[in-house]
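I opened my notebook to look up a few spots in a protein model. Come along and check each entry as you read.

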Amino acid sequence: MSAETTSNVVERMKGRGAGADRPRVVFRTDWKRATRRLIVGGLCAVTAASLTFPSAAMAAEWVKVGDKQYDAAASDEARTWSWDGANDMQLNGYDGGPIEAAGQLDLTYEGDNTVTNGDGEGISVVNGVNESAELNITGGASDSLTVDATSDAIESEGDINISGDGTITSTASLGDGIDAEGNLSISGGGTVNATGSSDGIEVGGNATIDTSGNVVAKGGSSNGLDVNGNGNLTITGGGSVTASSENDEAVAVDGDLSISGGSRLEASSVHDMGVEVDGNLTMSGGGRLSASSTEDRGASVDGNLTMSGGSRLEASSEMRTGLQVDGALSVTDSTLVATGTWEGLYVYKGVTFDHATVRVAARNPGNEAFGLFTDEDDIVIRNGSVVEAFAEGAYSAGISTQNYEKGVAGGHMFVSESVVKAVARYLEGEEQDGGDIAMNYASADVDGDEQLGRNVGILVVTKNGMSPAKLSIVRSTVTAEGDTAAILVCATSEDGSVAGTIELEGSIIQTPAGGHVSDYNAKHEGRNDVEYDVGQTIGLSGETITSLNSADIAKSAVIVPEEVPVPAPSGSSTSGGANVTQATARKASVAGSAIPQTGDASLAGVLSVGFAGLAALVSGLFVGRKRG
């Protein structure tokens, strides 16, 4: 029987990327530009015309308290509520029925207040004859407002603005906790708890949470926090936002999501995603995001994900991908942790880690698992980054980048002045439904040897791409381990004229002793015809390798920077023990952070073992080197 070669393994990856079922190009046509200009011009004309006519006062046209409507200033005898006949309404120890107004209503609450409606909305503002709906709510630090309703607890046909340091609790048994058909703004240092049988908080426009306090959004049949209508969600101010849902996304954003200013977003869902962003996700200024799901992806971003300024993102899934990014991922001076089953981290359009700390892992018994997987773009790890990737499955790769599309980038990995550890191990188990690829990982007799699955620490593959597969390691420490191969870089072609390459600059192979960058060249029967896999791996003898079952393939490899003498301080001696090199120190650190050798280590254990050694290693890796 002919030897199973690389393409038998990597062919299973075809169709895995988001590009298999998503449009890749969004066209903005000339008629759309023209339409936008006409709309903008029309709005300008309307605005100019409005300046020539008297404008209506910013005020509610009427209010309704309980079952009675008031068209002029009013209050109850105990003064638990009062309305000035314009836009100001005061609650002071109110405990009664629903409140409704037309136009703008500025609602201030003092003391403890309760609004109850067993047959409709709690507090609602509708559009008036002359003025759009707007609801503004504020209270002090010792004040509270509790709203219980069957339909939406707090609702506006226009905007909702919540401010102050008070506590608002809104609960809807048959609707949304808070529903703003326009924009939503939450500011101040208070607490907002919104619970709905549908959405916890629903926003039809943009949502801005600029608070040092706490916002809790709990959804039932729908989302915890839902920003639709192409609206954006901005979270800043250093506060905390917690969202959850049993049946839908905990956080769903039609537009962009931004987290900054030390703010924290925690999102968890059982049956759907923790966070879904249709636009871009940007994290900066110490922003924090924790997203988890039991049955779906922990977090999914259709656009680009950009992290900087000490931000931190943690994403996990018990049954799917921890973090999926269909655009590009950039992590600078920040930390990313992602764990899942099929993939810990999946990125469609390339990865850049710049002075970043990254830990990713996937564990999928009997199936495919990838710690970090990219499709149709490159992986760049540079500038003192520390990256650890682990995968266990019948077919697994710690880090894998590929490209099968003609004229498209991808299938290249560049590591510069950083520390990388990539481990892949075989893990037997029953196949599961839900994968993108039909898998058959039963034992097979290949060239007389029993072969269980394929597992590669670092796997770089191209076919028809802009340029052949390439792994470049520049003055870095790279540790790779796989049951099939530590490192494999190859290009698939019909005539074998295209070859993948491994390039070492300022770096040497420390393990295995006497290891070489060896050529890999295999001919095999493809799906339709004969194909060739040509590239390089880490070998023991330096001879050309023609089978993945070859004993000449290194299953474990450590690549370290070349020895560069550390300049002795002025006036000191360089004799004896003082003549130490950077590489010598690095070798000691590598030895102290060895990869676990057993295949049944738990996911959490594998993530933690040796990572402290990696952090210590990178701290001493660039002594005296100025970071650009």
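How many aromatic pairs does a search of the whole structure find? I ran the search and got 4 aromatic pairs. Here, rings of Phe, Tyr and Trp (its six-membered ring) pair if their centres lie within 6.5 Å; planes under 30 degrees apart are stacked, over 60 edge-to-face, and the rest tilted.

A note on the source: this is a predicted model, in which local features need pLDDT of at least 70 and side-chain atom pairs count only at pLDDT 80 or more, while totals for chains, interfaces and linings use all residues. Residues are numbered from 1 along each chain as its sequence is written, and side-chain values use heavy atoms, with hydrogens and water left out.

**Entry: the rings**

I looked up Tyr346 and Phe373, which form a stacked pair with 5.7 Å centre to centre and 15 degrees between the planes. Tyr346 belongs to strand β36 (residues 343–347) and Phe373 to strand β38 (residues 357–375), so this pair ties together parts that are 27 residues apart in sequence. Strands are DSSP runs (E, at least two residues), numbered from the N terminus.

Next I noted Phe370 and Phe373, a tilted pair at 5.3 Å centre to centre with 55 degrees between the planes. Both Phe370 and Phe373 are buried. Buried means under 20% relative accessible area, exposed over 50%, and partly exposed in between (1.4 Å probe, protein chains only). Tyr346 counts as buried because its relative accessibility is 3%. I also wrote down that Tyr346, Phe370, Phe373 and Tyr395 form one aromatic cluster.

**Entry: Ser518**

I found Ser518 in strand β51 (residues 516–525). Is Ser518 buried or exposed? Its relative accessibility is 0%, so Ser518 counts as buried. Leaving aside neighbours within four places in sequence, I saw Ser518 in contact (heavy atoms within 4.5 Å) with several residues, among them Gly535, Thr537, Gly539 and Ile545. A polar atom of the Ser518 side chain lies 3.5 Å from the backbone nitrogen of Gly539.

**Entry: Gly140**

I placed Gly140 in the loop between β10 (134–139) and β11 (144–149). Gly140 counts as partly exposed because its relative accessibility is 25%. Which residues does Gly140 touch, not counting those up to four places away in sequence? I listed Tyr109, Asp165 and Gly166. From C-alpha to C-alpha, Gly140 and Tyr109 are 7.8 Å apart in space, and they are 31 residues apart in sequence.

Notes
Helix = DSSP H or I, 4+ residues; strand = E, 2+ residues; numbered from the N terminus. Polar contact = N/O pair within 3.5 Å; in protein donor to acceptor, adjacent residues only side chain to side chain.
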